[in-house]
Each structure stands twice: as C-alpha cells, then as structure tokens.
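Work through the exercises below with the sequence and the 3D structure open. Each task is followed by a solution in steps.

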Amino acid sequence: MSYTALYRKYRPDTFEDVKGQDHIVTTLKNQIRADRIGHAYLFCGTRGTGKTTVAKIFARAVNCEQPADGNPCGECPVCRNIASGSSMNVVEIDAASNNGVDNIRQIREEVSYSPAEGRYRVYIIDEVHMLSIGAFNALLKTLEEPPPYVIFILATTEAHKIPVTILSRCQRYDFRRISIDTIAARLKDLLQQEQVEAEDAAVRYIAKAADGSMRDALSLLDQCIAFYLGEALTYDHVLDVLGAADTEVFSRLLRAVLAQDAAGCIRILEEMILQGRDLGQFVTDFIWYLRNLLLVKSSDDMEDVLDMSAENLALLKEEADMTEPDVIMRYIRVFSELSGQLRYASRKRVLIEIALIKLCRPAMESAQDALADRVASLEKQMERGVVAAAELSSQQAEDIKRRTDSDETRAPVRAAPVMPKAIPEDIRQTVKNWPSIIQELPGLVRSYLRTAHLSLGGENKLMLVFDDDMAYTYVTEGTRVQEITDCISRRIGKAVELQIEENVNTAPFEENYIDLEKIIHMEIDIEDE
C-alpha cells in the first residue's frame, strides 16, 4: 500500500479531533443538536487551520442517521459513503479551477433535485474568492433562496475579495491561527502513534515554524522524519532539514552588530550560507529574536510570553542590558524591510549583507532612528574613552561640536545674498548639467547630491548647500569630495572647485544663499536610476 502523508492520515473525523477552533466547533455542534442549521456558511482563515476539514465533518453530521452529540457516527451507510467520496449529496468544488459562470449554472440546475440519501445536499466551494464576478452574480440568487435541503459552505483565505452581497447572506466563521502549544501537543500525540522519538525542542520548533497552520506543521514533521528515517528526531536535525539557524547564531550576530563589527557579521552570514541555511528563514528568525529582545527590554515579566529555555532567556536579558529599545526597533525596521525585498530578489545574500552593514553603520541611513543611533554610538565611545579628540576626524569632531553647542553659539545668520554680476561658464555648465553629472556617481552619494542646493561660493567656487546634516556629513567624509570634483571635470572638461556647507540656520536656503538654479533658468531632466 502506498504511503499516506501525515496530514491526510490524521485528518480529524469528528469535531472533537479539531484542534484550536473550539469557538467554531461548539457553535456548529449546538446548531446540529438544536436542528437550527443555516443554508449558507462562510469559513475564513489562513491556510491549514481546518476550514475544509470542519466543512466535511459538518456535511457528514447533518446527514448522519445516528448523530451523537452533534458528531457524525461514522458507521451508518451515509457517513461511510461521504467519507469515501462516493456520495452524490456532498459536492466539493475547487473555485480556483472552476470559477466560471457555467460551473455555477451547473450547480443551480443540480439543486432542483432533492438528495437521494440523507437530509441535505451540501456544496463545499473551496477558495471561493477565486470566482469571477459573473460566477458570483450567478450564485447570488441561489444563495439567497436555496431549496430547504441545500447547504452551501464557502471556504476562503481572502474574505476581503468576496462581494458584500455574498457576505451578507452567509454565517461567517473566522478560523484562528493555532497556538504553538496546541500544535506541539498534537504533534507529540502523532509521534507516539508513529512510534518516533523526538526532543521537545524539536517539536516546538516545528510548531513555531508552522506559523499557526496545523497542516504545515504535519508536512514539516513528515519531512523531518523522512530525512532522518529510523533515528530520533533532535533539535539539530530539525534545523538541518528546515535550513534554520540556532539561537546561539543570532546571539553572536547581535553582539557583532552592537560592536559595529561589520566584517564579523559578514563572516557569520558566510557560515550560514556554507551550512546551507535558508536565507529567508534566517532573516525571519532574526526578526523574531529581535522581537524577543525588545519584549525583555520592555518588561521584567515576559517569561510566560517568550517561548524559550531558561538558559536562552538569561542570555537574552544580558543582551537587553547592552542596548536601548530605540536601537532594537531600528534593527527590526531594517530587517522587516529586507524581508519584504527578499521574496523576489535574485541576490538575497547581497541584500542581507547591505542590511547588516546598515545596522553597523547608522551613518548610512538618513532616518531619524538611525541618526539617534549614531549619536548614541558616538556618546558611548566617548564615555568609554575609546575615541579621543585627537583620533576623531575633523568632520566627526565638527559633527559632535555642532550637537553640543548651545543655540547662542551657533553660526550667525548670513547677510542677504548679493546677486553676482557674472557667472563663470564652467559653473554655468556644471549647474545646467548637474542631474546627468551626478548620475555617474555611486548610489548613496548620488541620492544625497540630488537634495543639495547649488549656489556660488567665494572665488567663483561651486557651492553645495545641504539642509540635511546626515547628507552633509556623508558627502564630506573621506575622499568623496574629490570623487565629485573629478566627476565634474570629466564631464565638462574643466576643473571646478567645490565649497560644501550645511544650512545650520532655521531660515530657508534662499534667504542666505544665491540660488543658481533660478538664475540660470535651467531645465532639469531627472534621469531614472
């Protein structure tokens, strides 16, 4: 006999076997006992939560000759015929492949015939949101006034795609995601029946990876058992099969990020790749690790909420003392954005490396939380004495000085700018072709230069004025000014001197500087990246 997958082999036969949906099971059983059965039901919920299973149990229960406490007996001819799929009274339709008007018209013709056996004809339409508009319209009249012996059960994972006219004619039941504890308990029961030994940690990780879906959990368990057939299922075995990483890896990665050790982060990522870990799962698990870290940081009473060992919890508390909530939330934001990008990315590794470097180098981001992280990092280094004033670059020293100076010591407001009598031709050409010139520069530099105001400095220098402190700091660091100068020279064939300033006053740029763009009246065509 051919092998049957676990999720099919252990599909529930009675309402009592359905796990995690007590609010629905109780209601349906009460309806059957009181003979208050509706004509149309809508089962909503994520995949693998029991929608189709409950629909089949309900179809057998309403037709059963000897129902027991709202459950089908499973012994009468009607129950056996429905269970074997030979009954003409229960019709399952996959709306994903039968979504046309003709399919629904066929149903309308069939409902005029009373059931050959049992009390009801039950139509189970799975993925009903896939029906076309015409099919929904064809179903509407039958759904509103069906014969007394017909029951419609519509199942969907996307209820928002169903027309309101259909929704209003159905009793709606929302299937919840199943908890980790419930899934784990079910898996342990099945493992005993299958006579397979498994560690509790392995079972709980599978339950967690299933993300609330019992069917997904059984499929993952089936996969793990098959890979290590005849062996006890351990936590490490599950990690190997699912391509996941251990908590210890995320601890090392977090500590490398906190130490701003970008090279160390890349080495840890390299280890995961060489071990064949799934990069998408790696990102998702690290987000969960950061989430747990934030919960521990937020409250001292999170032991019941966090599903982890006492050893891992102690390690997490130690790391929580090493950082601040705002910093953790920035890490979660960066990796959450990364998670959305990975789905369609062809170079997942590159995107993850960029995200890790972002975590280690807050200066690469202009977001407010990144700026706060950068300032906090500099202050922490100064408190520890790691960075002395003599070791700071001139730009870093100026950056700290600007933040610590009081408002009274800031640079005085400039006098009103005086329009120049003439503008040198090389400056004119640079300003006129500015969008295409900066297109040759690297991405982040190019993005910041697009926000710069173009003005005329002393001795006919081209002045770049930034309103954003982060942009000004990034552009003036290292050899970037020389790179911009060389790029301009290659384009116009002349050397242009640059003067870069930050608009530290609260007044608008136009009140303190000459706006060359308005004077030259250039037409700018921003090129797409």
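**Exercise 1. Helix 9 and helix 11**

Task: Determine how the axes of helix 9 and helix 11 are arranged, in this predicted model, and which residues make the contact.

Solution. Start with the axes: those of helix 9 and helix 11 come within 7 Å and cross at roughly 30 degrees. Angles under 35 degrees count as roughly parallel, and therefore helix 9 and helix 11 are roughly parallel to each other. The crossing in which helix 9 passes helix 11 is right-handed. Next, list the residues: helix 9 contributes Ala201, Ala202, Tyr205, Ile206 and Ala209, and helix 11 contributes Tyr235, Val238, Leu239 and Leu242. Sorted by class, this contact of helix 9 with helix 11 holds 9 nonpolar, no polar and no charged residues.

**Exercise 2. Helix 3 and helix 4**

Task: Describe how helix 3 and helix 4 are oriented, and sort the residues of their contact by class.

Solution. The axes of helix 3 (residues 51–63) and helix 4 (residues 77–84) come within 9 Å and cross at roughly 155 degrees. Helix 3 is therefore roughly antiparallel to helix 4. Here too the handedness can be stated: helix 3 passes helix 4 in a right-handed crossing. In the contact, Ala59, Arg60 and Asn63 of helix 3 meet Val78, Cys79, Ile82 and Ala83 of helix 4. The residues of this contact comprise 5 nonpolar, 1 polar and 1 charged.

**Exercise 3. A loop residue**

Task: Where does Thr49 lie, and is Thr49 buried or exposed?

Solution. Thr49 is in the loop between strand 1 (40–44) and helix 3. Its relative accessibility is 3%, so Thr49 counts as buried. Setting aside neighbours within four places in sequence, the contacts of Thr49 are Gln21, Phe175, Arg176, Arg177, Ile178 and Gly212.

**Exercise 4. The largest nonpolar core**

Task: Which residues of the largest nonpolar core touch the most other members, and which helix gives the largest share?

Solution. This core has 38 residues, of which Phe286, Phe335 and Ile352 touch the most other members. The elements that give two or more residues to this core are helix 12 (247–258), helix 13 (262–274), helix 14 (279–298), helix 15 (310–320), helix 16 (325–342) and helix 17 (348–360). Helix 14 supplies the largest share, 10 residues. Now take Ile352: leaving out neighbours within four places in sequence, Ile352 is in contact with Leu269, Leu279, Val283, Leu338 and Leu342.

**Exercise 5. A tryptophan in helix 14**

Task: How far apart are the C-alpha atoms of Trp288 and Ile332, and what is the relative accessible area of Trp288?

Solution. Trp288 lies in helix 14. Along the chain, Trp288 and Ile332 are 44 residues apart, and their C-alpha atoms are separated by 8.8 Å. With a relative accessible area of 39%, Trp288 is partly exposed.

Methods: Residues are numbered from 1 along each chain as its sequence is written. This is a predicted model: local features need pLDDT of at least 70, side-chain atom pairs count only at pLDDT 80 or more; totals for chains, interfaces and linings use all residues. Side-chain values use heavy atoms; hydrogens and water are left out. A nonpolar core is a set of buried Ala, Val, Leu, Ile, Met, Phe, Trp, Tyr and Cys residues joined through side-chain atoms within 4.5 Å. Buried means under 20% relative accessible area, exposed over 50%, partly exposed in between (1.4 Å probe, protein chains only). Helices (H or I, at least four residues) and strands (E, at least two) are DSSP runs, numbered from the N terminus. Contact means heavy atoms within 4.5 Å. Axes are lines fitted to C-alpha atoms, for helices over the stretch in contact, and angles run from 0 to 180 degrees between N-to-C directions. Angles under 35 degrees count as roughly parallel, over 145 as roughly antiparallel, 65 to 115 as roughly perpendicular and the rest as oblique. A crossing is left-handed if the near helix is turned anticlockwise from the far one by less than a right angle, and right-handed if clockwise. Ala, Val, Leu, Ile, Met, Phe, Trp, Tyr, Cys and Pro count as nonpolar, Asp, Glu, Lys and Arg as charged, and the others, Gly among them, as polar.
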